Amino acid sequence: MTYRFFTPAKASAATGLTAEVYRQLRDEFLGPVPTFQALSAVPEVLAATWALMREALLAGDASRVDRELVASAVSRANRCRFCVDAHVMLLHALGEHELAEVIARGGTPPEPRHAELAGWAEASRTPRAAAWSSPYGPEVTGTLLAFHLINRIVSALLDPDLLPGGLQRSPIVRSVGGRLYASTAREPREPGRSLPLLGAGTTAPPGWAGESPVGVAYASLRNAAMQGGDLLGDVARQTVTATVRWEDGRHPARPADWAVDLVRDVPGTDRVGTRIALLAAFAPGAISAGDVALWRLSHPADADLVRLVAYGAITATDHVARALSPAQL
(Lines give C-alpha, C1' and ligand atoms only; values in the text may rest on other atoms or scores of the structure.)
Protein backbone atom coordinates (compact mmCIF):
# COMPACT_ATOMS: atom_id res chain seq x y z
CA MET A 1 0.00 0.00 0.00
CA THR A 2 1.35 3.41 -0.94
CA TYR A 3 0.14 6.92 -0.20
CA ARG A 4 -0.10 9.23 -3.17
CA PHE A 5 1.22 12.54 -1.83
CA PHE A 6 2.67 12.00 1.65
CA THR A 7 3.44 9.24 4.10
CA PRO A 8 1.72 9.58 7.50
CA ALA A 9 3.57 9.05 10.76
CA LYS A 10 3.71 5.45 11.95
CA ALA A 11 0.73 4.33 13.98
CA SER A 12 3.04 3.41 16.86
CA ALA A 13 4.05 7.09 17.17
CA ALA A 14 0.47 8.40 17.55
CA THR A 15 -0.48 10.44 20.61
CA GLY A 16 -3.58 12.16 21.96
CA LEU A 17 -6.83 11.88 20.01
CA THR A 18 -5.17 10.03 17.13
CA ALA A 19 -3.83 7.35 19.48
CA GLU A 20 -7.28 6.90 21.02
CA VAL A 21 -8.88 6.44 17.60
CA TYR A 22 -6.20 3.90 16.72
CA ARG A 23 -6.93 2.00 19.94
CA GLN A 24 -10.58 1.69 18.98
CA LEU A 25 -9.62 0.64 15.46
CA ARG A 26 -7.45 -2.16 16.89
CA ASP A 27 -10.21 -3.26 19.26
CA GLU A 28 -13.14 -3.13 16.85
CA PHE A 29 -12.04 -3.06 13.22
CA LEU A 30 -8.97 -4.16 11.27
CA GLY A 31 -6.52 -1.90 13.06
CA PRO A 32 -5.38 1.58 11.94
CA VAL A 33 -5.76 0.81 8.24
CA PRO A 34 -4.36 3.21 5.58
CA THR A 35 -7.72 4.95 5.15
CA PHE A 36 -7.53 6.30 8.69
CA GLN A 37 -3.78 6.82 8.78
CA ALA A 38 -4.19 9.12 5.76
CA LEU A 39 -6.46 11.33 7.91
CA SER A 40 -4.18 11.36 10.95
CA ALA A 41 -2.75 14.78 10.05
CA VAL A 42 -6.16 16.25 11.06
CA PRO A 43 -7.22 14.37 14.21
CA GLU A 44 -10.69 15.92 14.45
CA VAL A 45 -11.56 14.73 10.91
CA LEU A 46 -10.00 11.33 11.67
CA ALA A 47 -12.07 10.90 14.85
CA ALA A 48 -15.34 11.98 13.25
CA THR A 49 -14.81 9.76 10.19
CA TRP A 50 -14.15 6.76 12.43
CA ALA A 51 -17.16 7.63 14.59
CA LEU A 52 -19.53 7.72 11.62
CA MET A 53 -18.18 4.51 10.13
CA ARG A 54 -18.25 2.70 13.47
CA GLU A 55 -21.72 3.77 14.52
CA ALA A 56 -23.18 3.16 11.06
CA LEU A 57 -21.33 0.10 9.73
CA LEU A 58 -20.30 -1.81 12.85
CA ALA A 59 -22.67 -1.02 15.74
CA GLY A 60 -26.36 -1.61 16.30
CA ASP A 61 -28.83 -4.22 15.14
CA ALA A 62 -29.07 -3.75 11.36
CA SER A 63 -27.78 -6.60 9.22
CA ARG A 64 -24.00 -6.33 8.82
CA VAL A 65 -24.33 -8.06 5.45
CA ASP A 66 -26.73 -5.36 4.27
CA ARG A 67 -24.36 -2.67 5.43
CA GLU A 68 -21.31 -4.23 3.80
CA LEU A 69 -23.34 -4.57 0.60
CA VAL A 70 -24.17 -0.87 0.77
CA ALA A 71 -20.53 0.03 1.43
CA SER A 72 -19.47 -2.05 -1.58
CA ALA A 73 -22.20 -0.73 -3.90
CA VAL A 74 -21.56 2.93 -3.03
CA SER A 75 -17.85 2.36 -3.55
CA ARG A 76 -18.63 0.85 -6.96
CA ALA A 77 -20.76 3.88 -7.90
CA ASN A 78 -17.92 6.18 -6.81
CA ARG A 79 -15.33 4.10 -8.71
CA CYS A 80 -13.25 3.52 -5.59
CA ARG A 81 -11.44 0.27 -6.35
CA PHE A 82 -9.68 0.19 -2.98
CA CYS A 83 -12.96 0.30 -1.02
CA VAL A 84 -14.75 -2.17 -3.30
CA ASP A 85 -11.92 -4.65 -2.76
CA ALA A 86 -11.87 -4.15 1.01
CA HIS A 87 -15.61 -4.54 1.52
CA VAL A 88 -15.98 -7.43 -0.90
CA MET A 89 -13.42 -9.16 1.33
CA LEU A 90 -15.56 -8.35 4.37
CA LEU A 91 -18.61 -9.85 2.63
CA HIS A 92 -16.51 -13.01 2.33
CA ALA A 93 -15.72 -12.69 6.04
CA LEU A 94 -19.46 -12.72 6.75
CA GLY A 95 -19.88 -15.93 4.75
CA GLU A 96 -21.54 -14.23 1.74
CA HIS A 97 -19.16 -15.66 -0.86
CA GLU A 98 -21.50 -15.63 -3.86
CA LEU A 99 -22.76 -12.12 -3.12
CA ALA A 100 -19.18 -10.88 -2.67
CA GLU A 101 -18.08 -12.16 -6.06
CA VAL A 102 -21.15 -10.80 -7.84
CA ILE A 103 -20.37 -7.34 -6.47
CA ALA A 104 -16.68 -7.72 -7.35
CA ARG A 105 -17.63 -8.51 -10.96
CA GLY A 106 -19.96 -5.51 -11.18
CA GLY A 107 -23.07 -7.66 -11.37
CA THR A 108 -26.54 -7.50 -9.82
CA PRO A 109 -27.10 -9.59 -6.69
CA PRO A 110 -29.41 -12.56 -7.41
CA GLU A 111 -31.55 -12.10 -4.30
CA PRO A 112 -34.19 -9.39 -5.00
CA ARG A 113 -33.77 -7.68 -1.63
CA HIS A 114 -30.01 -7.42 -2.09
CA ALA A 115 -30.47 -6.22 -5.67
CA GLU A 116 -32.82 -3.49 -4.46
CA LEU A 117 -30.41 -2.42 -1.73
CA ALA A 118 -27.45 -2.28 -4.12
CA GLY A 119 -29.47 -0.33 -6.68
CA TRP A 120 -30.56 2.14 -4.03
CA ALA A 121 -26.98 2.64 -2.89
CA GLU A 122 -25.66 3.19 -6.40
CA ALA A 123 -28.45 5.64 -7.26
CA SER A 124 -27.32 7.92 -4.43
CA ARG A 125 -24.38 9.07 -6.56
CA THR A 126 -26.85 11.36 -8.41
CA PRO A 127 -29.60 11.94 -5.82
CA ARG A 128 -31.40 14.76 -7.59
CA ALA A 129 -31.55 13.01 -10.96
CA ALA A 130 -32.66 9.76 -9.31
CA ALA A 131 -35.20 11.45 -7.01
CA TRP A 132 -33.30 9.58 -4.35
CA SER A 133 -34.12 9.31 -0.65
CA SER A 134 -33.88 6.54 1.95
CA PRO A 135 -36.43 4.03 3.19
CA TYR A 136 -33.79 2.56 5.50
CA GLY A 137 -32.80 3.27 9.11
CA PRO A 138 -29.88 5.30 10.46
CA GLU A 139 -27.31 2.49 10.33
CA VAL A 140 -27.81 1.58 6.66
CA THR A 141 -28.26 5.20 5.60
CA GLY A 142 -25.28 6.30 7.68
CA THR A 143 -23.12 3.60 6.11
CA LEU A 144 -23.97 5.02 2.70
CA LEU A 145 -22.98 8.55 3.76
CA ALA A 146 -19.81 7.33 5.46
CA PHE A 147 -18.63 5.69 2.27
CA HIS A 148 -19.47 8.63 0.06
CA LEU A 149 -16.87 10.51 2.09
CA ILE A 150 -14.41 7.65 2.64
CA ASN A 151 -14.38 6.69 -1.06
CA ARG A 152 -13.31 10.20 -1.98
CA ILE A 153 -10.63 10.43 0.72
CA VAL A 154 -9.22 7.06 -0.30
CA SER A 155 -9.27 7.76 -4.04
CA ALA A 156 -7.54 11.10 -3.50
CA LEU A 157 -4.83 10.08 -1.04
CA LEU A 158 -4.16 6.34 -1.49
CA ASP A 159 -2.98 4.12 -4.30
CA PRO A 160 -5.90 1.91 -5.42
CA ASP A 161 -4.03 -1.37 -4.93
CA LEU A 162 -4.45 -2.87 -1.48
CA LEU A 163 -1.79 -5.51 -2.26
CA PRO A 164 1.13 -5.56 -4.72
CA GLY A 165 0.03 -6.05 -8.29
CA GLY A 166 -3.65 -5.84 -7.36
CA LEU A 167 -3.61 -9.33 -5.80
CA GLN A 168 -6.65 -8.42 -3.70
CA ARG A 169 -8.73 -8.75 -6.86
CA SER A 170 -8.09 -12.47 -7.02
CA PRO A 171 -11.18 -14.41 -5.80
CA ILE A 172 -8.91 -16.80 -3.89
CA VAL A 173 -7.11 -13.96 -2.11
CA ARG A 174 -10.46 -12.29 -1.29
CA SER A 175 -11.84 -15.53 0.14
CA VAL A 176 -8.74 -16.29 2.21
CA GLY A 177 -8.61 -12.71 3.50
CA GLY A 178 -12.26 -12.93 4.47
CA ARG A 179 -11.65 -16.06 6.52
CA LEU A 180 -8.81 -14.34 8.38
CA TYR A 181 -11.15 -11.52 9.46
CA ALA A 182 -14.31 -13.59 9.99
CA SER A 183 -14.37 -13.48 13.80
CA THR A 184 -13.73 -9.72 13.89
CA ALA A 185 -16.36 -8.97 11.24
CA ARG A 186 -19.06 -11.00 12.98
CA GLU A 187 -18.60 -9.66 16.51
CA PRO A 188 -21.45 -7.31 17.57
CA ARG A 189 -20.61 -3.76 18.66
CA GLU A 190 -22.53 -1.64 21.14
CA PRO A 191 -23.63 1.76 19.82
CA GLY A 192 -22.08 4.95 21.12
CA ARG A 193 -18.57 3.97 22.12
CA SER A 194 -16.95 6.33 19.60
CA LEU A 195 -18.97 9.41 20.56
CA PRO A 196 -16.69 10.52 23.45
CA LEU A 197 -13.97 11.02 20.85
CA LEU A 198 -16.03 13.85 19.38
CA GLY A 199 -15.83 16.07 22.44
CA ALA A 200 -18.22 17.11 25.16
CA GLY A 201 -21.56 18.47 24.08
CA THR A 202 -21.51 17.04 20.57
CA THR A 203 -25.11 16.64 19.42
CA ALA A 204 -27.06 16.32 16.23
CA PRO A 205 -28.45 19.61 14.85
CA PRO A 206 -32.05 20.66 15.53
CA GLY A 207 -34.58 18.45 13.76
CA TRP A 208 -32.27 15.46 13.52
CA ALA A 209 -32.91 12.17 15.29
CA GLY A 210 -31.07 13.14 18.45
CA GLU A 211 -31.18 9.63 19.88
CA SER A 212 -29.19 8.20 16.99
CA PRO A 213 -25.39 7.98 17.43
CA VAL A 214 -25.21 7.95 13.63
CA GLY A 215 -26.81 11.41 13.44
CA VAL A 216 -24.44 12.79 16.08
CA ALA A 217 -21.43 11.32 14.28
CA TYR A 218 -22.51 12.66 10.88
CA ALA A 219 -23.10 16.14 12.28
CA SER A 220 -19.66 16.11 13.88
CA LEU A 221 -17.99 14.94 10.67
CA ARG A 222 -19.78 17.54 8.60
CA ASN A 223 -18.68 20.28 10.99
CA ALA A 224 -15.04 19.11 11.12
CA ALA A 225 -14.63 18.53 7.38
CA MET A 226 -16.42 21.71 6.27
CA GLN A 227 -13.79 23.73 8.15
CA GLY A 228 -11.41 22.91 5.33
CA GLY A 229 -13.35 25.43 3.28
CA ASP A 230 -11.69 28.15 5.39
CA LEU A 231 -8.56 27.53 3.30
CA LEU A 232 -10.41 29.09 0.34
CA GLY A 233 -12.03 32.47 -0.25
CA ASP A 234 -15.75 33.14 -0.58
CA VAL A 235 -15.88 32.90 -4.39
CA ALA A 236 -13.98 29.62 -4.34
CA ARG A 237 -16.30 28.09 -1.73
CA GLN A 238 -19.35 29.26 -3.65
CA THR A 239 -17.94 27.68 -6.81
CA VAL A 240 -17.45 24.32 -5.07
CA THR A 241 -20.91 24.34 -3.49
CA ALA A 242 -22.73 25.46 -6.63
CA THR A 243 -20.91 22.94 -8.82
CA VAL A 244 -21.69 20.05 -6.48
CA ARG A 245 -25.38 20.93 -6.51
CA TRP A 246 -25.58 21.61 -10.25
CA GLU A 247 -23.57 18.61 -11.47
CA ASP A 248 -25.36 16.24 -9.06
CA GLY A 249 -22.64 13.59 -8.92
CA ARG A 250 -22.04 13.29 -12.66
CA HIS A 251 -18.69 11.65 -13.44
CA PRO A 252 -16.73 14.12 -15.60
CA ALA A 253 -15.54 12.56 -18.86
CA ARG A 254 -12.21 14.41 -18.71
CA PRO A 255 -11.84 15.53 -15.09
CA ALA A 256 -8.65 17.57 -15.46
CA ASP A 257 -10.05 19.70 -18.32
CA TRP A 258 -13.44 19.94 -16.60
CA ALA A 259 -11.88 21.35 -13.43
CA VAL A 260 -9.72 23.85 -15.32
CA ASP A 261 -12.79 25.30 -17.03
CA LEU A 262 -14.68 25.64 -13.75
CA VAL A 263 -12.01 27.67 -11.95
CA ARG A 264 -11.37 30.26 -14.67
CA ASP A 265 -13.34 32.96 -12.82
CA VAL A 266 -11.95 32.11 -9.36
CA PRO A 267 -9.30 34.54 -8.01
CA GLY A 268 -5.85 33.35 -9.02
CA THR A 269 -4.67 32.60 -5.50
CA ASP A 270 -7.57 30.17 -5.02
CA ARG A 271 -7.60 28.40 -8.38
CA VAL A 272 -5.47 25.39 -7.52
CA GLY A 273 -7.23 24.87 -4.17
CA THR A 274 -10.65 25.10 -5.81
CA ARG A 275 -9.53 22.66 -8.49
CA ILE A 276 -8.40 20.12 -5.87
CA ALA A 277 -11.62 20.51 -3.88
CA LEU A 278 -13.76 20.02 -7.01
CA LEU A 279 -11.79 16.96 -8.06
CA ALA A 280 -12.10 15.57 -4.51
CA ALA A 281 -15.87 15.88 -4.88
CA PHE A 282 -16.21 14.36 -8.37
CA ALA A 283 -13.06 12.52 -9.49
CA PRO A 284 -10.59 12.35 -6.61
CA GLY A 285 -8.27 9.95 -8.38
CA ALA A 286 -7.61 12.69 -10.95
CA ILE A 287 -5.89 14.94 -8.40
CA SER A 288 -2.33 15.01 -9.72
CA ALA A 289 1.12 15.43 -8.24
CA GLY A 290 1.27 18.72 -10.15
CA ASP A 291 -1.91 19.98 -8.47
CA VAL A 292 -0.53 19.12 -5.05
CA ALA A 293 2.87 20.64 -5.78
CA LEU A 294 1.23 23.95 -6.74
CA TRP A 295 -0.98 23.85 -3.63
CA ARG A 296 2.05 23.24 -1.41
CA LEU A 297 3.72 26.43 -2.62
CA SER A 298 1.34 28.32 -0.33
CA HIS A 299 0.17 25.49 1.95
CA PRO A 300 3.12 23.14 2.59
CA ALA A 301 1.59 21.19 5.49
CA ASP A 302 0.10 17.73 4.95
CA ALA A 303 -2.74 18.76 7.25
CA ASP A 304 -3.89 21.49 4.85
CA LEU A 305 -3.99 19.05 1.93
CA VAL A 306 -6.09 16.63 3.99
CA ARG A 307 -8.41 19.45 5.09
CA LEU A 308 -8.91 20.57 1.49
CA VAL A 309 -9.64 17.06 0.23
CA ALA A 310 -12.00 16.44 3.16
CA TYR A 311 -13.82 19.68 2.35
CA GLY A 312 -14.45 18.62 -1.23
CA ALA A 313 -15.49 15.15 -0.07
CA ILE A 314 -17.95 16.33 2.58
CA THR A 315 -19.49 18.88 0.20
CA ALA A 316 -20.35 16.04 -2.19
CA THR A 317 -21.49 13.80 0.68
CA ASP A 318 -23.71 16.50 2.13
CA HIS A 319 -25.37 16.90 -1.27
CA VAL A 320 -26.55 13.31 -0.80
CA ALA A 321 -27.51 13.90 2.84
CA ARG A 322 -29.71 16.86 1.85
CA ALA A 323 -32.02 14.42 0.05
CA LEU A 324 -32.84 12.80 3.41
CA SER A 325 -35.39 13.88 5.99
CA PRO A 326 -33.59 14.74 9.25
CA ALA A 327 -35.18 11.89 11.19
CA GLN A 328 -33.49 9.32 8.95
CA LEU A 329 -30.21 9.77 10.81
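1. In this predicted model, the second largest cavity is lined by E28, F29, L30, L58, R64, L90, T184 and A185. Its space comes to about 40 Å³. Five of these lining residues are nonpolar, one is polar and two are charged.

2. How many cavities of 30 Å³ or more does a search of the whole structure find? The search finds three.

3. The largest cavity holds about 60 Å³ of space. Its lining is made up of R125, R152, V244, D248, G249, A281, F282, A316, H319 and V320. By class, that lining has five nonpolar, two polar and three charged residues.

4. Two helices deserve a mention for the largest cavity: α14 (271–282) and α16 (302–321) each contribute at least two residues to the lining. The biggest share comes from α16, with three residues.

5. Turning to the pockets, the second largest pocket has a space of about 270 Å³. Of its 19 lining residues, those closest to the centre are N78, R79, S155, P284 and G285. The lining of this pocket divides into 11 nonpolar, four polar and four charged residues.

6. Which domains supply the lining of the second largest pocket? Domain 1 (11–224) and domain 2 (226–323) each give at least three residues to the lining. Among the helices, α5 (81–93) and α8 (138–157) each supply at least two residues of the lining of the second largest pocket.

Terms used. Residues are numbered from 1 along each chain as its sequence is written. This is a predicted model: local features need pLDDT of at least 70, side-chain atom pairs count only at pLDDT 80 or more; totals for chains, interfaces and linings use all residues. Side-chain values use heavy atoms; hydrogens and water are left out. On a 1 Å grid over the protein atoms alone, a cavity is a set of points where a 1.4 Å probe fits but cannot get out, and a pocket is an open set with protein on both sides within 12 Å along at least five of seven lines; lining residues have an atom within 4 Å of a point. Grid points are joined across faces, edges and corners, and a volume is the space filled by probe spheres set on the points. Helices (H or I, at least four residues) and strands (E, at least two) are DSSP runs, numbered from the N terminus. Ala, Val, Leu, Ile, Met, Phe, Trp, Tyr, Cys and Pro count as nonpolar, Asp, Glu, Lys and Arg as charged, and the others, Gly among them, as polar. Domain bounds come from an automatic or database domain assignment.
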